[in-house]
Amino acid sequence: MRKKSVYWPKAQVAQYLENDVTPKLNPNDILISNHYSLISQSSEREWFKDDTSHIVLGTTFPFIPGYSSAGYVLQVGNNVTQFKPGDKVIGAPVTGAHSNLVMVPEEDVYNVPENVKLDDAVFYNLGMTAIYSLHVANLKFGQSLAIIGYGVVGKIALQAAQASGAHPIIVMDIAAEQRQAALNQGADYALDPNDEDTLNHVLKAIGGGVDIALDVSGSPQDINQSLTLAKPFGTVVWCTATNTPQKIDYGTLFIKCLTIKGDFVNTNMPLQRQSIREFLWLLSSGKLVAPDHSDTIYTPAGETITTLYQHVLHHDPLKNPLFKWRDNTEH
């Protein structure tokens with residue numbers, strides 16, 4: 001078989017790799033003929049710039065990156081019972097998703113509902129992060145919620161929270177277009193984190209703060225703002241991985257008697273798998289729409305790969321970039 005992949009030979013170098021392979025499946029493995037893979041910009045930036053954060057991957061350079069893939073089952077190992085060749089699936093490998101061939105253990109493969117497009121389903125890992133975070137927060141019907149950062153995870157968290165009956169929902173983002181997008185999606189408030197007067201007015205109007213503050217930004221300023229947004233005895237969830245030392249506003253945490261929860265999704269695998277299935281169900285039921293990517297689907301090639309990852313490395317704005325590995329008519 002001819003394998004085509006994104007390849008990181010060393011830190012900050014991204015290439016196109018093509019070679020012949022003879023896949024050898026372990027008894028519980030599934031080989032997926034991949035159609036799409038999603039660049040998860042925040043995580044992949046950390047892993048691309050150096051290997052200090054690779055502890056969660058168990059690897060270092062060189063390797064094939066990516067952990068979100070969607071396609072069709074090509075082959076199954078002898079012990080696989082839940083899938084067969086031709087099944088429409090997503091696969092959740094730790095690495096290696098940016099390729100036309102992806103090997104994944106059966107327990108990390110999920111059926112995609114017939115009415116869900118593969119290029120929507122491939123957002124499942126970021127969607128899972130959002131839904132997992134709401135589970136960790138123990139969000140209940142009628143509770144108020146603040147979402148800090150309106151990237152992909154923030155957008156999915158808003159929709160999932162709406163489906164769960166959260167109210168009111170505040171979205172915080174420095175970009176005016178993102179705030180408007182949040183209002184269009186149904187957020188009750190969309191605020192500039194630097195506009196303290198408006199923020200204080202809104203917090204007063206809703207009783208002094210929110211029940212749950214969810215930070216999906218990872219920036220030191222926003223992490224501390226999550227403490228400000230939460231009301232006394234509220235819950236704060238931090239769901240963005242960062243190895244950068246943080247200076248936490250301990251006084252606010254202490255005086256408000258806040259509950260702080262870290263949110264590394266690989267800590268609780270049963271909940272992670274539940275959250276993936278819930279994301280797919282929300283897509284299938286129409287309660288959630290995948291982030292727009294109609295004009296950001298790329299055919300993998302050397303120059304395209306190099307350019308995209310330089311943008312990722314330098315924090316240049318990219319709107320939901322996907323690699324397309326196969327034509328939709330080709331299984």
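Mentor: The model is predicted.

Start with D20 and R2, which form a salt bridge with their closest N and O atoms 3.1 Å apart. D20 sits in strand β2 (residues 13–20) and R2 in strand β1 (residues 2–10), so the pair links distant parts of the chain, 18 residues apart. D20 is exposed, at a relative accessible area of 58%, and R2 is partly exposed at 39%. This pair also belongs to a network of salt bridges that links R2, E18 and D20.

The next pair is D211 with K231, whose side chains meet in a salt bridge at 2.8 Å, N to O. Because D211 lies in strand β11 (residues 210–215) and K231 in strand β12 (residues 230–238), the pair ties together parts that are 20 residues apart in sequence. D211 counts as buried, because its relative accessibility of 17% falls under the 20% cut-off. K231 is partly exposed, with a relative accessible area of 28%.

The last pair to look at involves loops. K319 forms a salt bridge with D292, and their closest N and O atoms are 3.0 Å apart. K319 is in the loop between α10 (302–313) and β15 (322–324), while D292 is in the loop between α9 (269–285) and β14 (297–298); the pair links distant parts of the chain, 27 residues apart. Both partners are partly exposed: K319 has a relative accessible area of 38%, and D292 has a relative accessibility of 44%.

Notes. Residues are numbered from 1 along each chain as its sequence is written. This is a predicted model: local features need pLDDT of at least 70, side-chain atom pairs count only at pLDDT 80 or more; totals for chains, interfaces and linings use all residues. Side-chain values use heavy atoms; hydrogens and water are left out. A salt bridge is a side-chain nitrogen of Lys or Arg within 4 Å of a carboxyl oxygen of Asp or Glu. Helices (H or I, at least four residues) and strands (E, at least two) are DSSP runs, numbered from the N terminus. Buried means under 20% relative accessible area, exposed over 50%, partly exposed in between (1.4 Å probe, protein chains only).
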